[in-house]
Amino acid sequence: MKNVVFFIVCALLIALQGCTKDNNTSPSNLPNGDFEGWTANDELKAWKTNSCPECYPAFNSYVVQKTTEAYHGQYAAKLIFNGAYSAVASDLFAVPSHPMSLSGYTKCTLDDHDTVFVKVQVFSHSVVVDSGQWVSTVSIPQYKQFIVPITQNSVHADSVLITIHGGNKMSTGSNGSVLWIDYLSIH
């Protein structure tokens, strides 16, 4: 009987330890915040973008791209400037309570005087009540964590809009600014 009890206790401890590890490695309550979900046509799931992988105009319209250059998991999002327009991705989702911050990991290659940003807006009944923003004007060669504090002017919140905006400059060598982003989490 002691062996059975010992076995059950060990199995429970191992199971609990596995649950703890899973909770620490996945983003919290942010739809596709780890950028692992992509359609068969390479469109980012749960996000609205101005990207069109299936389009064939005179310029590259696939500006929000799936990339294996990920900080966490298999994929990340890569926002490129195509010489015509900046890449934009946004996600509006419900929240159970007012968030304090947004965190994530990013790297970027920016042309001179270019800017990329991540903006967070907190809504209560379709009205923006709080916000926060991360901005970079310099290249970041390796993934680096960013934390966006969210203002706390209201205790009420029912949804959050996250907008990721890539650069809009192109060098003389026809290389546009690039922003990689991965592993977003709202806290």
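**Contacts, strands and rings**

Reply: Leaving aside its neighbours within four places in sequence, S136 is in contact with C108, L110, D114, T115 and V116. The model is a predicted one.

Me: Is S136 buried or exposed, and which backbone oxygen does its side chain reach?
Reply: S136 has its place in strand 7, which covers residues 127-136. Its relative accessibility is 4%, and because buried means under 20%, S136 counts as buried. The side chain of S136 comes to 2.9 Å from a backbone oxygen, and that oxygen belongs to V138.

Me: Which strands stand at the edges of the open sheet, each with a single partner strand?
Reply: The open sheet is formed by five strands in the order 1-4-9-6-7, with antiparallel pairing. Two of these have a single partner strand each, so one side of each is left without a neighbour in the sheet, and these are strand 1 and strand 7.

Me: How many bridges join strand 6 to strand 7, and which residue of strand 7 does K119 stand opposite?
Reply: Strand 6, residues 116-124, runs antiparallel to strand 7, and the two are joined by nine bridges. Within strand 7, the residue that stands opposite K119 is Q133.

Me: How many residues of strand 3 are buried, and which of them point one way and which the other?
Reply: Strand 3 is mostly covered, with five of its five residues buried. In a regular strand the side chains alternate between the two faces of the sheet. In strand 3, A77 and L79 point one way, while the other way is taken by A76, K78 and I80.

Me: Which residue stands opposite V64, and which stands opposite A77?
Reply: Strand 3 pairs with strand 2 in the antiparallel sense over four bridges, and four bridges also join strand 3 to strand 10, residues 178-186, again antiparallel. V64 has its opposite residue in strand 3, namely L79. For A77 the opposite residue lies in strand 10 and is I181.

Me: How many aromatic pairs are there, and what is the geometry of the pair F59 and Y85?
Reply: If ring centres within 6.5 Å are taken as a pair, the count comes to seven aromatic pairs. One of them is F59 with Y85, whose centres are 5.8 Å apart and whose planes are at 85°, which makes the pair edge-to-face. This pair links distant parts of the chain, F59 being in the loop between strand 1 and strand 2 and Y85 in the loop between strand 3 and strand 4, 26 residues apart.

Me: Why is the pair of Y71 and Y105 stacked, and how many residues apart are the two?
Reply: The ring centres of Y71 and Y105 lie 3.6 Å apart with their planes at 5°, so the pair is stacked. Y71 is in the loop between strand 2 and strand 3 and Y105 in strand 5, which places them 34 residues apart. Y71 is partly exposed at 38% relative accessible area, whereas Y105 counts as buried at 15%.

Me: Which residues do ring pairs link into a cluster, and which ring has the charged end of K107 over it?
Reply: Ring pairs link Y71, Y105, Y143 and Y183 into a cluster. K66 lies over the face of Y75, at 4.6 Å from the ring centre. The charged end of K107 is 4.8 Å from the centre of the ring over which it sits, that of W180.

Key: Residues are numbered from 1 along each chain as its sequence is written. This is a predicted model: local features need pLDDT of at least 70, side-chain atom pairs count only at pLDDT 80 or more; totals for chains, interfaces and linings use all residues. Side-chain values use heavy atoms; hydrogens and water are left out. Rings of Phe, Tyr and Trp (its six-membered ring) pair if their centres lie within 6.5 Å; planes under 30 degrees apart count as stacked, over 60 as edge-to-face and the rest as tilted. Buried means under 20% relative accessible area, exposed over 50%, partly exposed in between (1.4 Å probe, protein chains only). A charge sits over a ring if NZ of Lys or CZ of Arg is within 6 Å of the ring centre and within 35 degrees of the ring normal. Two strands pair if DSSP finds at least two bridges between them. A polar contact is a pair of N or O atoms within 3.5 Å; within protein, one must be able to donate a hydrogen and the other to accept it, and residues adjacent in sequence count only if both atoms are side-chain atoms. Contact means heavy atoms within 4.5 Å.
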